[in-house]
Each structure stands twice: as C-alpha cells, then as structure tokens.
Amino acid sequence: MVCRAGHENDPVEKMRHSCAHVMADAVQRLYPKAKITIGPVIEDGFFYDFDYPAGFTPEDLKKIEAEMEKIVKENLPFERKEIGKKEALEFFKKLGENYKLEIINGIEGDKVTFYTHGKFTDLCKGPHVAKTGDIKAFKLLKVSGAYWRGDEKNPMLQRIYGTAFASQTDLDAYLKQLEEAEKRDHRKLGQELDLFEINPDIGSGLVLWHPKGATMRQIIEDFLKRELTAAGYSWVNTPHVGRASLWETSGHLEFFKENMYAPMEVEGQTYYLKPMNCPFHIEIYRSRRRSYRELPVRLAEFGTVYRFERSGVLHGLTRVRGFTQDDAHIFCTPDQVETEINNCMELVLKILRAFGLTEFKAFVATKPAKAVGRDADWEKATKALKGAVELHKIPYEIDEGGGAFYGPKIDLRIKDALGRFWQLSTIQFDFNLPERFQIGYQAATGEFERPFMVHRALLGSIERFFGILIEHYAGAFPVWLAPTQAILLTISDEQSEYAQKVLESLRREGFRASLDDRNEKLGLKIREAQLKKIPYMLVIGKKEMQEEKIAVRSRQGGDLGAMGLEKFIERLKGERQ
RNA sequence: GCCAACGUAGCUCAGUCGGUAGAGCAACUGAUUCGUAAUCAGUAGGUCGGCGGUUCGAUUCCGCCCGUUGGCUCCA
C-alpha cells in the first residue's frame, strides 16, 4: 500500500489510502477466502486488488460498502509498527497471504512497516489518518478484472475501485462531475447529433462518418490544408496497401507486426494494409535525386491507416482500428533542424488554439538505452525539441530515456473543458528509416548526405481529435465548426416562400443553413433545434415577413430580437473566422 | 485476448419465477396554421444479438459464439 509519490501529506489522499485499508478489511470480514494484494491511491480515488476467483457482483459491492460503514463507525485507530522482514514474512505466511510474501521479498532493506486497525493488518508504508472514523464520505464505484502486476501471464485478480472525499458535499460534487462527463460522452452525442456511427456489421473500431460529422471533418481538414499549405507543405496521396517487401525494408514487419492487419495475397504477392504512412512518403522523397537546395521537403497527407488493436481496448472514436492521421514528414539538412522544429511547434499551437484548446503540457522524450543513430544527431535533435517548447513557453517535462529507439520526440498534451489531458500532437525524429531506405541528398560539397527526418502529426488521428472536440464543446460547436449554423423556423405556412428566399441568401453567403417549415408549433421547432445545438434559430412570422427581417434566437442567449438579414449575416461572419 | 456486466421496435427502456412481448419518443396518416424548449388522434413497426442443448413448449434456464460497455498503465 502506498500513497502516490509526492502526495503523501495530502489529507484527502491519506484518507483514500486509509479507506482502501478499510475496504480490504470489509472484504475479508465478508469473504475470508479473498487474498489481499495491492491497493494504491490513484487519481480521484483508490482501488484494491483481491485474489478471489469467484468475483464480486454489484450486490457484493453494496454489502462491502455497508461493512465499511460499520468499520468507520467502530472508529478504530490506525497503528503503525516497524517490523523485521523475517517476522513480517512469517506473519503473512500464517495468514496464507502469498502475494504479500512476494511483495516483501521485493522490498529493499531489512525492515518493513505494518498498519493495523482492529484485527486487520496490512503491509504499508503509510501514512494514514488517525482513526477509521476520520474517513468522511466514500463510495465504491466498480469492479473489474486486473492481472497481478499488470501482466497477463499472471493470475487475474478482482479489482474494486472506490473513492473518498473530505465531505459528502465533495463526494456528491465528484459524482455529479462524472455524470456531466457521461452526458458529454462523444459516443452518446455522436448518435444524438447524428455525427457518426461505429457499426458492428462494418467491423469493430471502424467509423462511418454521417453527413453532419463528415461536414465537420471537412471543415477541419480544409482549415488544416490552408494552414499547412501556407507553411510550405506539399500534399501527397498514397495507397492503403503496400507490398510485404516495403514493410520489410521499413522494419514494420519486424517491430510492428502484432499491430498490423493480417496480410492478403494478390497474384502471388503479399500485401499489407498500411499501419503508417511513412514508407510511402519516403518513397516519394526518393523518387528522384534531391539537392540540398530543395530541402526542406515537407510532405503532408491525411493518411488513413489501419492498426490491429485488441478488441478490449477499442473505445468510441478515441481508440479505433481504422483512422486518418494528419500526417507529415519533413526531410531537412542539419542546419534546418532547429527552424523546422520551431515552426512545427508554432503551427501546432496556432491550430489547437483555433479549436479552443489553450492549455498545453509537453513531454520531451530523450534517448533510451537501446537506440539507433549517432549520438551527435540525437543531441542536436533533442536540443531542438527542448528549444522549441522553451521558445513557445510551454510547460514541459523531460521523459529521460523515454524516446523510441529511432529518435527523440515531443508529445503534446492538451487540457479540455473538463480539465482532462489528452495526448494529441507529436513531433518525432527518425534516425532509422532514412538509414533503412538509404535516402539522401546532395550537399553543397557534392557529397551524398543523409537528411534528418521528422514525423509530425498535429491532431494525431482525426477520428480521435473529433471525439475529443465533441466532448470539449459538449456538442455545442462554435459557428465555424457547427454542421448547421442557423436554422430558419416559420410560424405558419404563409412564411414558407419568404423563408426559402432567406435560406437561399444565407447559402449564397456560404453559410450552412436549413429551413424548418413543417406545420408544427414554434415551441417544438425551437426545442428540436436547441437539442441539435444549432447556434442560431431564425424565427420568421407574419411580422418579420412584412418588415423583411428575421427574429434571431441564439442557442445560449435566447431571443435577441428582430434584425435585418444583412445585420445577422455580419454577425455570423464575425463568428465564422 | 483476459475479468465482469449487458444485448428486447430506429432511439431510450419496461416485462416474462418457461406458455412466442409492452411504453414513451421517432416514423407514417389525418386534423390543427398555433410567436421562443414537446398540439391532438390514429396506423404501422419486434425470428427479445446468433447457434446449439434441456423441455410438450425457450425471449426467459444451460452452453458456445458474436457484439457493446467498464477495467486489465498507477506496484507495500
């Protein structure tokens, strides 16, 4: 048992930690056969893993909770005791707690600490609250399977998750927040707003983009296309499959095969669906001799890739098997590295900010023990990455030795409206593929040189980014992204013709507008438009028709009163940018 | 893949302690032309995820499969 590093003195963490002990105690009181293993504090709560093959049902959870209440009422003191390892081993041996034996044997030094409350004793570094009665408000949340030490070769344990807070009010607030997150779930909103579907008849982890979702995707792609073109990228398109020999050269069959779809045979040749775009871009790079004069070469593509993900890890749009990367590869000379990376960073930030994502955290991963490439190149590249995050004043951490074997990288995480962090962008050097594909350029000296190669994705996967965006905005997209920006609502049939004209005017101005002239009450039309989260509802009744106006209602602000179409168009244009 | 829960109409869900199912919304039809979050009435819609077993009889019980969801990274 342990608190999270750096949080040992946080009173809530301490209480959660103690709560985990109380839960383990309750479990063993009710189910003496259950063996205790580990139970750390995690973000927002705690869990405890038990070896109990019968498993726990949701009803068991209620019983355990009730038992915990009793233990809290008993107000038992937590007592700390230092004890020799030998004695500790004997203690747990007698209880048949073999997982604890394994843990003790892995601990350095010859002393360990025990924490006891009532008749329950656990191996534990502490600290704890003084008495079980100090645990104020708690709740068990869910059960799941988990492997001992996270390794699937080990026995499957039963994990119970719970959380505890300093007061019932705090706990309720937390549960409410969970509910709020559930309401924003992109899978739910995706269906309600008719944006996309993942259909088992098509296949797990494969996305069908419905018209509204596809409209948004195109807006996103158009925006990126404009920005990247302006930043000097060239656009390429490459196929979805490639010959086995290509993936042998690239090394994917050696290192990435377990993530690739099974091969297919065509006329005696073996082909694989592409899990990455890089080999294709490299082939384009080396389609002719390159001179230092034309570097940097920046090849960009919205490249759709397929990766085999184990069925259990698939999740809505954020973890899929087929997805499109906003991928690009930069080939440049050593002199250009710094500028290229800085420009990449600038571009990433500009684009993410356009989507209302303004808080970032960067992780710079450096050279691992096993790596390819020259030390000097690693140093130069790592320095450029650090320089770029510092230049743009992004808070960052160094992930020492956390880079891939083929190069250092920056992972950029962004914070969404609910305060959750998501990893989106990545800027990654590659010292491996240029070598494998033997690419080069002719330097000023006339010598044949190897270029630096950088993989970079700003949004990462468009599918995943879209999912995050849906949750970030809770489906209420800003005008520039909304699939329908304004909907015209007539009050009676008499206004249909006039409304149709207004609709045409809006469309001519390039707006995504629609018309609801059904024979229904205004209240119903507003309700439906509101549920679709359309930014503007334009009411047209007798009055508006006579005065050649529209009554504007905004999604969040309600009735804004009547105005001329010109004035409304001006307003919309301002929000479109 | 593994552990657990779940799979009933387009959607959300109820139900059957074994005798082949029901609501609301949506759809369709009709009436209503009604000014800022749900007008009324009617009609239609289901091999109760698939296959097999037990049974006179299975949507219900059992087994297998498929799919969905949560977890399997947090190391006393």
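**View 1. Lys-573 and Glu-509 form a salt bridge, their closest N and O atoms 3.1 Å apart.** A salt bridge is a side-chain nitrogen of Lys or Arg within 4 Å of a carboxyl oxygen of Asp or Glu. The pair links distant parts of the chain, 64 residues apart: Lys-573 is in helix 18 (residues 565-576), and Glu-509 is in the loop between helix 15 (496-508) and strand 25 (513-516). Helices (H or I, at least four residues) and strands (E, at least two) are DSSP runs, numbered from the N terminus. Lys-573 is partly exposed at 26% relative accessibility, as is Glu-509 at 33%. Buried means under 20% relative accessible area, exposed over 50%, and partly exposed in between (1.4 Å probe, protein chains only). This is a predicted model, in which local features need pLDDT of at least 70, side-chain atom pairs count only at pLDDT 80 or more, and totals for chains, interfaces and linings use all residues. Residues are numbered from 1 along each chain as its sequence is written, and side-chain values use heavy atoms, with hydrogens and water left out.

**View 2. Lys-63 forms a salt bridge with Asp-60, with 3.9 Å between the closest N and O atoms.** Both residues lie in helix 2 (residues 58-74), 3 residues apart, about one turn of the helix. Lys-63 is partly exposed, with a relative accessible area of 48%, whereas Asp-60 is buried, at 10%.

**View 3. Arg-184 forms a salt bridge with Glu-180, the closest N and O atoms lying 3.5 Å apart.** Arg-184 is buried, with a relative accessible area of 14%; Glu-180 is partly exposed, at 29%.

Conventions:
Chains lettered and ligands numbered in written order.
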